[in-house]
Amino acid sequence: MTPTVLTIEDQDDIRRLIRMTLEFKGFRVLEAENGTHGLAMARSEKPDLILLDVMMPGIDGLEVGRTLAADSALSRIPTVMLSALGAGTDVDAGMATGVRAYLIKPFSPWELLDLVTELTAPAH
Amino acid sequence: MMDWHDLLHGAGLALCGLSLLLAVLLCWGPSRTLLTRLAQRMTPEYIHLAQMARRTTDAIVVTNAARRITWVNEAFERLTGYGAAEAKGQSPGRLLQFDGTDPLTVKRMRLALDAGEPFNGEVLNRSKHGRIYWLELKINPLFDEQGHLSGFMALQYDITERKQAEAALRGSEALLDKTGRIGGVGGWAYDLATHRMHWSNQTYRLMERDPNWQPTLEDCLAHCLPESRQTIEAAIAEALADAQAHVQPERFSWDFELCLYSATGRVFWVRATAELEFSDSGPVRVVGALQDITARRELKAELRRHIDLLRGAIDTIDEAFVLYDPDDRLVFCNDKYRDLYDTSRDAIVPGARFEDIIRTGAERGQYPAAIGRVDEWVAGRLAAHREANRTLVQRLDNGRVLRIVERCMPDGHRVGFRVDITDLVRATDAAERADCAKSEFIATISHELRTPLQSIIGFSDLGRHFARGQVPFEEMFEDIHQGGQRMLRLVNGLLDVSKIDGTQGSLALKRGDVARLAAEVAHELGPLAAQRRLTLALPEPLPVLWADVDAFRLQQVIRNVLANAIRFAPEGSTIEIQGHDLDRAGVTLTVRDHGPGIPESEIETIFEAFVQSSRTRDGSGGTGLGLTISRKIMQAHGGSIEASCPAHSGTLITLSLPPAAATGEARAAKSLRAVRLALEQAASQSTTEHADA
């Protein structure tokens, strides 16, 4: 069964880059352009993995991450945080919300693909 | 007793007139017939006189013409200790005369007696028992009826006491004269009845006058310079007025400093003191002293000049200066000091205690740090002041910031300087704020740039993959990708510059082996070196160089240095890596290449952001931030990075690190050093910026 990945990201070009990268390897990609929409889709679609941008207008990635972690129905979905904020404190703050990984922008598409493949593998 | 003695003395003198008679009575001993005849003719009155002569208290001696003693009285026997029988036939001179008599007097006496003439003089005699005594001697020749010299009669008065008193007086006068000469003190006296002025020898010397010159009061005034003369005349007028007003005469006491001329025109200063002497009938004499104080006045004037010069210098300097005595009382301060502490200006007066001055200021709110806790603040400030070896920074109510330097002198005085560092503090604050804003700006920009870079790098990466085999597209995506990567390195470099602020707090230090860390980087860059057939030569065996390091950041420095060397070294050459343990001086790591080297003038500027050496600025891919970041990292370690050009060619980069800290104390000291370095750098940066502006 093809794993479904939900991308919550406000920038169109980044969303497109992610979609092209993942679809290239056969992933089903869903997209949300903000936190509120992303949370709604996560609840309705129950994706296999969520890619979550941190700096977004409205509800930011950290808030979304915390909400996902607090929701028993969603907390089991592995989430990867994507952010241009790469300092140790930023990474720590992101990981503290309960996400599985933190990827610093700009990341390599192949690196993302490896990570997504790993986190959606049946063993997980 | 006295009167009786005086009477006898007087009588004795009166008896001189009877000398002839006595000579007849006493000296003509051989002629018994005559004596008998005379005795028969003697009236009771003569007998009485003879008895008086015999018993008078003054010594009488009679000689014959050959000057041999023929008769002495009882007083002679008492005075000389010789009985009449012993004395008779002896020469008085040989019997009694002592060597101490003035030889001139002896000669004069001999001449007078040889000539049969009278002699008066003072001689020194010795008694039978050895007593030495002075005599006033009156010798008269005796003549017989035919007028021939028949002998001499001498009256002898013991004047020993008077001579001793005179000698004592001479002695004390000589002493007075000597002390006056030594001390430069001359004496004078003015007799109010006779209007005679008397000067001591020293006064004559001071005035350079002949000791025989007799000065008048007017002469004395003529020796004064006009101003001094006015002083004296005013004092005399006042004394006269006082006398007329019957003011207590005890008040009369002069003490002036006068300027005088000597007889030769020499100008000199004296301290003139005078007192009035009184008899029962009133004032009789003015007695005074003159002390030459010219040298002292010159010394004082010289001292005054020096003090004025010093004070002038202190007033001129731009820093506030203050001096407190060992009792902590203000001795002196300059105007700048009062100006700075304007709120407590009225309390800053000589003699005021330091504590009172600062308390006044604290109570008036002069020191913002003391508001609401005056006692506590005063106690703390006082402790620092007494310690006097600290440098404090003090903020004042007027917004000024002072650096206080206080030091204790060996004699207990405390010297204080206040340096107004307000402008410096403001500039530093502004520089810090600017630096902070700059860092924030760079951080923000870096993050903003990372998002578009994500598209550039990500799509070009996908693109070059999908375009594989389609030559123009593959190359285009490759170029975009490389461009994106270069831009990312630049962004990361900028972020590092803003993040590593040169202080130790920005790093996580742990004990590590610098040589091993270098070897790891060399290994990592091995393939890159191999592309240009370069040899990375590490010491064999590898030394162990312990230091407290942030391994990630230190490797970043080593990587940067090695990458530069690899980039610029001529193909096929060797890059030498050396490590040295300098014990207490820490450790060093050097990287030496044989590339184009760095011109002497650029050795420091290559560490500035976006600066590359003119010899290597060839678009070889550097961001121009590598060495700037490296220097910040080394400074944050408490170490340094220096570039130099060895004699032949190439570049030598030296990384220095302090030794691994064994204790927390040493760590703190190192931390302080790092902070200082950072401050110095900030200061130099702000200077550069100012210079640029």
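In the predicted model, helices H1(A) and H5(A) cross in a right-handed sense. H1 of chain A spans residues 12-24 and H5 of chain A spans residues 109-119. Their axes come within 10 Å and cross at roughly 60°. On the H1(A) side, the contact is formed by A:Leu17, A:Thr21 and A:Leu22; H5(A) contributes A:Pro109, A:Leu112, A:Leu113 and A:Val116. By residue class, the contact of H1(A) with H5(A) comprises six nonpolar residues, one polar residue and no charged residues.

Chain A as a whole contains five helices and five strands. These elements follow the order β-α-β-α-β-α-β-α-β-α from the N terminus on. Of the 124 residues in chain A, 37% are buried. Among contacts in chain A between residues at least 6 apart in sequence, 59% link residues at least 24 apart.

A helix pair was also examined in chain B. Helix H15 of chain B (residues 354-363) packs with helix H16 of chain B (residues 374-387) at an angle of about 145°, and their axes lie 10 Å apart. The crossing of H15(B) past H16(B) is right-handed. Residues of H15(B) in the contact are B:Phe354, B:Glu355, B:Ile358, B:Arg359, B:Ala362 and B:Glu363. Those of H16(B) are B:Val374, B:Trp377, B:Val378, B:Arg381, B:Leu382 and B:His385. The contact of H15(B) with H16(B) is made up of seven nonpolar, one polar and four charged residues.

Terms used: Residues numbered from 1 in each chain as written. Chains lettered and ligands numbered in written order. Predicted model: local features only at pLDDT ≥ 70, side-chain atom pairs only at ≥ 80, totals over all residues. Axes fitted to C-alpha atoms, helices over the stretch in contact; angles between N-to-C directions. Helix = DSSP H or I, 4+ residues; strand = E, 2+ residues; numbered from the N terminus. Left-handed = near helix turned anticlockwise from the far one by under 90°. Contact = placed C-beta atoms within 7 Å. Nonpolar A, V, L, I, M, F, W, Y, C, P; charged D, E, K, R; others polar. Buried ≥ 20, exposed ≤ 12 C-beta atoms within 10 Å, placed from the backbone.
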